[in-house]
Structures are given as C-alpha cells and as structure tokens.
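Welcome! Let us take a friendly walk through the inside of this protein, starting with one residue and its surroundings.

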Amino acid sequence: MEKEQFLKLVKSGEVKFVDVRFCDLFGVWQHFTLPADEFDEEIFEEGIGFDGSSIRGWQTINLSDMIIFPDPKGAFVDPFFKEPTLVVICEVVDPITKEPYTRDPRYVAKKAEAYMRSLGVADTAYLGPELEFFIFDDVKYGYESNYSFHQVDSVEGWWNSDREEMPNLGHKIPAKRGYFPVPPMDQLQDMRSEMVLNLREAGVRVEVHHHEVATAGQGEIDMRFAPLVEMADQVMKYKYILKGTAKKYGKTVTFMPKPLFEDNGTGMHTHLSLWKDGKPLFAGHEYAGLSELALYFIGGVLKHARAICAFTNPTTNSYKRLVPGFEAPVNLAYSARNRSAAVRVPMYSPNPKTKRIEIRFPDPTACPYLAFAAMLMAGLDGVQNKIDPGEPLDKDIYSLTPEELAGVPTTPASLEEALNELEADCEFLKKGDVFTDDLLETYLSYKRENEVDAIRLRPHPYEFFLYFEL
C-alpha cells in the first residue's frame, strides 16, 4: 500500500498497533511495536531509533544507535496477534550519515537490483523460490558437556506405525513416498490451506500447495514470481506465517535443510529470469529455447556457485543435504528438465514469457535478500564477461560413474569450505558496491566463529557408535 493509504488505516482506529520489522544479517526478522496513535507521518521523515548493538553481526556498543524507516508497500495486518496490528517492513539507516546501513540485507538486495539496471542489461529480475519445510508435532533438543540429543516427531512419520495412538489408524507415509499422496495419508491438507489463505491476506500470491517427498509432514507452498526485493520480502512473510499458522494447530514448522536421516532434505529451488521493457530476455533459439544471454547468465552462476553457497546454503546443516549420490543437486552442471543438475531449464511451456532457469542447490535457511542478490550478481558477471557454461549434461547425473563425473565440479562439502570459497571469490559481489567488504568480513567471521567452530568443537552422538570401544 502507499504511504497515504497506510497512514489512513493507522488513523482509522481499525488497527490498534503498528509492528515494525527488519531483517538481521542472517535472515531473521526482528520487531518492536508502537500503539497506533503514536505512529504519525513524521516517522516516515525522521525514522525510529533502536539499539543496533543488540542485533547479531551489527553495531558495536559504542556505535549502537541506528534508525529504521518504514516502507509501507508490503504492509499487512498480522493474522495471529490478539489486537489488530499492522505490520510494516523497514529499512535501516545510520543516524549520523543518514546513509542506508551496509549490513542491512534488504539494502543489499536493493543495490543488486539497481546495479542490474545500471548495466542496461535488464530492468527486472523475477524470482520464484520454492520453499520446502517440515511440519512436526514435537521437537526436543539439548546439549551439555556430558550429553547431546535431538528428537522430532510427526503423526505422519513412518516410525509411528506401531505407536499406541488409541487408535492408530495407520496412514503413515513411508520414507521418500510423500510426493502428492491424497488424504488420509496427507494429514496436513487443511493446515496448508489455512497457511495459503493467511499468505494471500498478507498480499502474497500463491500458486499451489502440496505434500513433499519426505515422510513426517514435509510440504511445499509455491509463491508466484515477483521482482527480487519484493520476493525477498514475501519469503520473510512466508516463513513467519507458516510458523504462526502451525503453532495455532499445536505443531511447529522448520526450514532446516536436513532434520531427518535417510529421507529427503528441504530445498529452496529458485526460478529466475531477466526482463527489460516488459519483454523476457531468457527466451531464444539456443539450447532448450534459451537466449545467448541466458546461457551466459548460467555460466556466471555455475562459475561462482561454490562461493554463493555461503549465502544460498548458509548453515552447517545445509551440507547434510548437499551430499553426492543422494537427492540434492550437488553437481554444477545445467540441463533441460533434469532435476539432478544444479541448474535446470524448465520445459513446461513454449511461451517465451515462461522461459527461466531454476537454481536447485539453495535451501530455505538462506537470508533471501542476500541469497537472491548473490545469485543475481553471479549471473550478471556471466553476462558481462560472456562466460560459457559449457555443454549441458542431459543425463541422469545420479547414475553416472565416478569416471564420468570426474570433470564435473560440485558444491562445497561443508559450510567451512563454502566460506573459504566466498573469501577467495567475492570480487563479482562487490561490483556496484552491492556487497561491501564490511558486510563480507562480518559475515565470514560470525559464521566461522559461531557455527563452524561451534560444531567442530562438540562431540557428535554417532561418534560414540563409531569410536567408544576403540
């Protein structure tokens, strides 16, 4: 909505509070709430102050003061709060320089769009991510010096086929058999439908929802494509609304890439296309109906894939999903229709407007602003430098022999490896001052200290199976 419409709603008495939100460096929404009668037009001019030193990866305590400015375009009424509350996404600004904050992920995404337009290559990048997720009935985890454990449960889980449920009616989904079963095996239809209705009320256009491949409540809700920053905003709404709707049912949603052993993980396959003056730029007469520009874009994505994994697959758990020989597309090749390739060219329709590429290795733990910006910058580098993606790999990559795969590069095997790749290959991200040294250094340092080292230092329960008797 426009500013005037936003202020009219605030002053109408229909909402009691205004909830202001912004995204931290790692993709988590932060918020605080104002009574509606305390929110006026001056806030759009002067902003609202907050403590930036209390946000992960942001300011030091001696430079803690920051300001946020509301952007009313994506405002929506929160579907969960008891009192009517209008939610508005904000941008972060330095109070002294009045410049946008370099570590604000939303600002990075806006700069990526501006850089694309400055090149004259395209004026719009459309993205359509497919976020998968699990809906669990129960989750427990703990870690101390002398023990560690995690346990998740779902009424659909195959392991509950013998559980006393008074009565147990069966209808459990076997591992890797969860794709498209009708109820009663799919026991989460109504909840996903409510998630869709809540998303639509929040201004998110949804195309389809369904059960996904894994047992234990894996699902997918697909949003209609949108420009980069708008879509990143929608991903933040998506995660929030799915979690809130599940909580209402007494269940919980996780976007962890690999919460279950020996079953499919959770991805965020991202469809992407470039447009200019209302015309699609990826349609042409080259391989799979692509344009030369689209092939160069793929070349850039494949060249920089190992570096951008630090943003598209940003957790240690991400690399439990990206494992050679299993379901995730770890091989950095492209192909038409082929879901075993890192970059797929969907072939559903001959309409040039539908021509796009699908980048299949990302997962939904990614901060959408940084991940989408990184993918765009990699592709634009391919266009600028006319990077040849090589020959397509039109085979079932999972069935290839080690000898056949020897020349095909792969995604990193760990978060540590991805961070090292990003450190070595980040110049393409710095073009147009999109990703600054300040952001990259902070991101790398935080991830290494708080995630890579934190996991490295802790014994794993399975190590006791392997090594206790040695």
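Leaving aside residues up to four places away in sequence, Phe 6 is in contact (heavy atoms within 4.5 Å) with Met 1, Val 18, Phe 39, Phe 44, Pro 72, Ala 75, Leu 86 and Val 88. This is a predicted model, where local features need pLDDT of at least 70 and side-chain atom pairs count only at pLDDT 80 or more, while totals for chains, interfaces and linings use all residues. Residues are numbered from 1 along each chain as its sequence is written, and side-chain values use heavy atoms, with hydrogens and water left out.

Phe 6 is also among the residues with the most contacts inside the largest nonpolar core, together with Phe 39, Leu 274 and Phe 435; this core has 129 residues. Helix α6 (residues 292–312) gives the most to this core, with 13 residues. Helices here are DSSP runs of H or I, at least four residues, numbered from the N terminus. A nonpolar core is a set of buried Ala, Val, Leu, Ile, Met, Phe, Trp, Tyr and Cys residues joined through side-chain atoms within 4.5 Å.

Not counting residues up to four places away in sequence, Met 231 touches several residues, including Leu 127, Pro 129, Phe 225 and Phe 372.

Definitions and conventions: Buried < 20%, exposed > 50% of the residue type's maximum accessible area, 1.4 Å probe, protein only. Helix = DSSP H or I, 4+ residues; strand = E, 2+ residues; numbered from the N terminus.
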